[in-house]
Amino acid sequence: MKKIILSLTLLLVGTGMYAQSLSGKVNEGTIVYSVEWKLPEQMQAMASSMPTELTVYFKGDSSSLKSESAMYSSTNILNTSKEYERLLLDIPMMGKKLSVVFTPADQEMMAENMPNLTLKEGTETKTIVGFNALKHEVYESKSNQNSEAWFTKDIEIAPNSLSRFFKSSYGIPLEFVSYMNGISLKATVKEIKAGTVPAGSFSASKDFEEITFEQLMQMQGGR
């Protein structure tokens, strides 16, 4: 069980205007995704406990993705412009609150498990939470899976742990599939709000124990 929880965390980390009112560069706010998980057979028992919504806070180039379930919560903090990434992991059943800052070497190692995506732009369009979206066909070569993604250029926001696999030239993905370590999920934007994010959204509080990526992998049972 501990190994499964740790694997899942690596898939990954105020009021305002609603999406219909937003356009152009939005510097600070919140995104809410609805998600549908596709789990390998050995994880099917956990399907009912997986979150059906994920919340992202963003400000400037920083984003913070929080995932919560009955067994654990995790937060992935990302700043792609600074190549900075931190994982916060709270596992009550283990009595652990852990923080990992990924070094360049860690990120290079993790890149081996990142999806390899090829996109083909289509012509079909639709409206998602008030934004004009263009369909793209997506092929992920490592898992040999096909999917579709819908992008908008009506708005510009920082990439997060789910959306970072897509080049910014396509726009902002509003509906897409994200892949990692044999797990995939379909994410659809439910809401985008501009407004002040909670204090401390992009840092670890003092009650988190700082560990290395190597130590995290040892807890998982190896690389």
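Lys-96 is partly exposed, with a relative accessible area of 32% (partly exposed falls between buried, under 20%, and exposed, over 50%, using a 1.4 Å probe and protein chains only). This is a predicted model, where local features need pLDDT of at least 70, side-chain atom pairs count only at pLDDT 80 or more, and totals for chains, interfaces and linings use all residues. Residues are numbered from 1 along each chain as its sequence is written, and side-chain values use heavy atoms, with hydrogens and water left out.

Lys-96 belongs to strand 7 (residues 96-101); strands are DSSP E runs of at least two residues, and helices are H or I runs of at least four, numbered from the N terminus. Leaving out residues up to four places away in sequence, Lys-96 touches Leu-89, Asp-90, Ile-91 and Glu-209 (contact means heavy atoms within 4.5 Å).

## The chain and its core

Let's step back to the whole chain: 3 helices and 14 strands are present, and 48% of the 223 residues count as buried.

The largest nonpolar core holds 51 residues; such a core is a set of buried Ala, Val, Leu, Ile, Met, Phe, Trp, Tyr and Cys residues joined through side-chain atoms within 4.5 Å. Strand 13 (residues 183-194) gives the largest share of this core, 6 residues. Ile-31 is among the residues with the most contacts inside the core. Beyond four places in sequence, the contacts of Ile-31 include Leu-54, Val-56 and Ile-157.

## A buried serine

Ser-64 sits in strand 4 (residues 62-68) and is buried, at 4% relative accessible area. A polar atom of the Ser-64 side chain lies 3.0 Å from the backbone oxygen of Ser-201.

Technical notes
A polar contact is a pair of N or O atoms within 3.5 Å; within protein, one must be able to donate a hydrogen and the other to accept it, and residues adjacent in sequence count only if both atoms are side-chain atoms.
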